[in-house]
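Q: I have a sequence and a model open side by side. Could you show me how to read the fold, one feature at a time?

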Amino acid sequence: MEHKTGSFAYSYFMGDLTENFSAWEFRCHCGNVKCGPMQILDPDFVEVLQMLRNDFKRPINILSGYRCPLHSLSLARPRSTHTLGIAADIVVAGTTPVHAAMHIYENFFPEDIGGLGINWEKGTIHVDARALENAVIWRYRRGRAETIRTNAQAALLNMKLLETASYG
Ligand SMILES: [Zn+2]
């Protein structure tokens, strides 16, 4: 953590949780004045994200991590994994959501990532560390979550073909 005068000190911005992740990235974005210092984050979940990051060898941007009870999405879904500090909406740099989801499905589901949601419209994926026995995959269509109940592999492949066609 050296800061060298006159040169850009990358290490200054490096993660305070793991090599690549910092606590501020997971903070609630609700904007409420009462969204206080109480931020929940499971360190094991951050370790899993670091594992994904190492595996992809690409930066992972956290768009939404912890959501406090005052967050509008928490009001709608008070039992969301985001409220437990075991979830994140992410973008894996240089990948499409289906490509990233497919890779996570093949390598980390359901042991490490028990919840996997593909938001094609927003270009993001949701990952969470829910318990194995509750593992689930879903996708969003027009903002609504649709669980993929049977043959997730085929559904993902199908989405990947559609995605390839649509991105040209
Ligand atoms: Zn908040």
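Q: Among contacts in the chain between residues at least 6 apart in sequence, what percentage join residues at least 24 apart?

A: This is a predicted model, and the contacts are counted in it. Of those between residues at least 6 apart in sequence, 56% join residues at least 24 apart.

Q: Which elements make up the chain, and in what order do they run from the N terminus?

A: The chain has 4 helices and 6 strands. Read from the N terminus, the elements run α-β-α-β-α-β-β-β-β-α.

Q: How does the radius of gyration of the chain stand against that of a compact globule?

A: For 168 residues, a compact globule would have a radius of gyration near 15 Å, and the 17 Å of the chain agrees with that. Along the principal axes, the C-alpha atoms fill a box of roughly 55 × 35 × 30 Å. As for burial, 28% of the 168 residues count as buried.

Q: What is the order of the strands in the sheet?

A: Strands of a sheet pair through backbone hydrogen bonds, and the pairing is either parallel or antiparallel. Here the sheet is open and has 6 strands in the order β1-β2-β4-β3-β5-β6, with mixed pairing. Strands β1 (60-64) and β6 (144-147) each have a single partner strand and stand at the edges, so one side of each has no neighbour in the sheet. From one strand to the next, the twist averages 30°.

Q: How many bridges join β1 to β2?

A: There are 4 bridges between β1 and β2 (residues 87-92), and the two strands run antiparallel. To find the pair on screen, look for I60, which stands opposite V92 in β2.

Q: Which strands does helix α3 touch?

A: Helix α3 (residues 97-108) packs on the sheet and touches β2, β3 (115-119), β4 (124-128) and β5 (136-141). The direction of α3 makes about 165° with that of β3.

Q: Now a single residue. Where is R130 found, and why does R130 count as partly exposed?

A: R130 is in the loop between β4 and β5. Burial is judged by counting neighbours: 20 or more other C-beta atoms within 10 Å make a residue buried, and 12 or fewer make it exposed. R130 has 16 C-beta neighbours inside 10 Å, so R130 counts as partly exposed.

Q: Leaving aside neighbours within four places in sequence, which residues is R130 in contact with?

A: R130 is in contact with T81, I86, G114 and G115. As for R67, 63 residues from R130 along the chain, the C-alpha atoms of the two are separated by 16 Å.

Conventions:
Residues numbered from 1 in each chain as written. Predicted model: local features only at pLDDT ≥ 70, side-chain atom pairs only at ≥ 80, totals over all residues. Pairing = 2+ DSSP bridges. Axes fitted to C-alpha atoms, helices over the stretch in contact; angles between N-to-C directions. Contact = placed C-beta atoms within 7 Å. Rg over C-alpha atoms; globule rule 2.2 N^0.38 Å.
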